[in-house]
Amino acid sequence: MRTPRTATDWVHCSVDGRNVRVAAGSSVAAALACGGDGLARTSVSGQPRAPLCGMGICQECRLRVNGQMRLACQIVCENGMHIQTGIAAPTP
Amino acid sequence: MTRDPIQRVAQTTRPGHKRALLIIGAGPAGLSAARAAAQAGWQITVVDDNPAPGGQIWRSGPGAAPQPASRSLQTALAALPHVRLLCGTRVVAAQGAGALLLENAEQAWVQAYDVLILCTGARELMLPFPGWTLPGVTGAGALQALIKSGLPVRGQRIVLAGSGPLLLAAAASAHRAGAHVLRVAEQASAAQIARFTAGLWRWPGKAVQALGLLSMQYRSATHATAALGAQQVEAVHLRQGARDYTLACDRLAVGFGLVPNAELGRLLGCATTQDADGKAVVAVDARQATSLAGVFAAGECTGAGGVERAMAEGRIAGLAATGQAVPQPALAGRARWAAFGNHVAEHFVLAPALRGLARPDTIFCRCEDVVFADVAACRGWTEAKLATRCGMGACQGRVCGAAAQHLWGWQTPSPRPPLIPARVGTLSLMADENPSLTIPPSIDPPCP
């Protein structure tokens, strides 16, 4: 991966309230891994789940981005973005 | 505008009206179709659910620079005022004949078309095995896509397992990103791989590519039997011939081949056919036309065959869809790369052992957490859905339905709308008898 050199090469967002810095252009799925354990949601039987297909098919990485249910693998991080996984509090 | 097809034709052929071509998918097939169609002067809209064009193979991001072929197509299209690219946009449903209900992050709208080209690509076949739901287990193409999109893997120990050239490509991506690739486990036998390699002389570029991807960690006749770990994958059990061994790892990427994304075609009513493995693919004729008038299809949704075949099919579809002549060399190119696709499929046939990996308590449907034994006890897909909720979750059976097809030959019925989980506001448009057929002015090409 290209290592960002200047401040504008980085994007700052939050994952479950923690500040996370990622290379500009990174997906929300990448931010989950940069900011912690990479988990996206809790399954119906209570198992932790993380991105599986990486291409918008499996829905395993669904979570809330600025309050909207989205797929982490198909969203590019933006400055100030609030990412809420379904790990801290189970989501439907 | 009305949804009556006769009146629509009358309106769309009136003097001065530009005919509308809608292309679903901005990968190699979709971009090639748009480029070829552009010469006809139609109004062209290309829709893709990813944040940027390129599809999977041309995905770029912090972990991957844009590919030259992709960049050149995108540059050419960006210069054309009558071609519009809408990324981050998904197809939710068909809205009568000649229109699709679309949704992006902000809004939903009905997009009308005179002619449609489906370039919806393929996904990876995921087969259930013990531990496959552990975080850190991904698809093989998935790992490549995630790395390209900025997933940090530097210093991580990665095992890849499954079948086909994609394993080596994904391993190369992981290696370039600083990961330690411990093993590339190919289930095909050494003899199968030798025959595959010996036949590559017909596609010299592919032979060169294969040499460049060679890995010291590559093992034939090897497959993963289980992923181990508490909260995250920590190790993988591998079986090489008769020998079992365990490798500690941080990630396991599994790829069992590709499943054509035929759902939209099936929803529209396009006839499908089965590929060599029995997977449903959108059926097309020599001009890439489907059984449905005015609907064409190109690329992996008509059968997995690689990027060159997808580009060749996309070009032919773009020309034929807009009434342009298809030159003979284009047809010859398609035949050449279709033969390569068949060559791959023939030599990486999945071993029967891969059908027997799941244990009774292995999760089969990841959306509804239905275990293997409960699904295996059913006589078919419909019974499994009704009795266990298998395939009724958010992915709508795209993962477990393909696995059920591979394991038991179960065919899933045509999908029903909505094709994907959509917002309530979007779904309300489905019931609208007279929805607006224009793109809201706020939607301008949002692609980078």
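Here are a few questions and answers about this predicted model.

Me: In the chain A sheet, which strands are at the edges?
Reply: Let's walk across the sheet: it's open, has five strands with mixed pairing, and runs in the order β2-β1-β7-β5-β6. An edge strand here pairs on one side only. That gives β2 (18–23) and β6 (68–71) of chain A.

Me: How do β1 and β2 of chain A run, parallel or antiparallel, and how many bridges join them?
Reply: Take β1 (residues 10–15) of chain A and its partner β2(A). One pair to look at is Cys13(A), which stands opposite Val20(A) in β2(A). The two strands run antiparallel, and the bridges joining them number six.

Me: Over in chain B, what is the handedness of the crossing of α2(B) and α9(B)?
Reply: Helix α2 (residues 28–38) and helix α9 (residues 307–321) of chain B have axes that come within 7 Å and cross at roughly 35 degrees. Among the residues that meet are Ala33(B) and Ala37(B) from α2(B), with Met311(B) and Leu319(B) from α9(B). The contact residues split into 12 nonpolar, four polar and three charged. As for the handedness, the crossing is right-handed.

Me: Is α13 of chain B mostly covered or uncovered, and how many of its residues are buried?
Reply: Buried residues in α13(B) include Cys400(B), His406(B) and Leu407(B). The buried residues pack against β17 (258–260), β21 (363–365), α11 (372–376) and α12 (381–388) of chain B. So you're looking at a mostly covered helix by the burial cut-off of 20 or more other C-beta atoms within 10 Å. The count of buried residues is eight of nine.

Me: Which residue follows α13(B), and what's its phi?
Reply: Step past the end of helix α13 (residues 400–408) of chain B. You land on Gly409(B), with a positive phi, near 75 degrees.

Conventions: Residues numbered from 1 in each chain as written. Chains lettered and ligands numbered in written order. Predicted model: local features only at pLDDT ≥ 70, side-chain atom pairs only at ≥ 80, totals over all residues. Axes fitted to C-alpha atoms, helices over the stretch in contact; angles between N-to-C directions. Helix = DSSP H or I, 4+ residues; strand = E, 2+ residues; numbered from the N terminus. Left-handed = near helix turned anticlockwise from the far one by under 90°. Contact = placed C-beta atoms within 7 Å. Nonpolar A, V, L, I, M, F, W, Y, C, P; charged D, E, K, R; others polar. Pairing = 2+ DSSP bridges. Buried ≥ 20, exposed ≤ 12 C-beta atoms within 10 Å, placed from the backbone.
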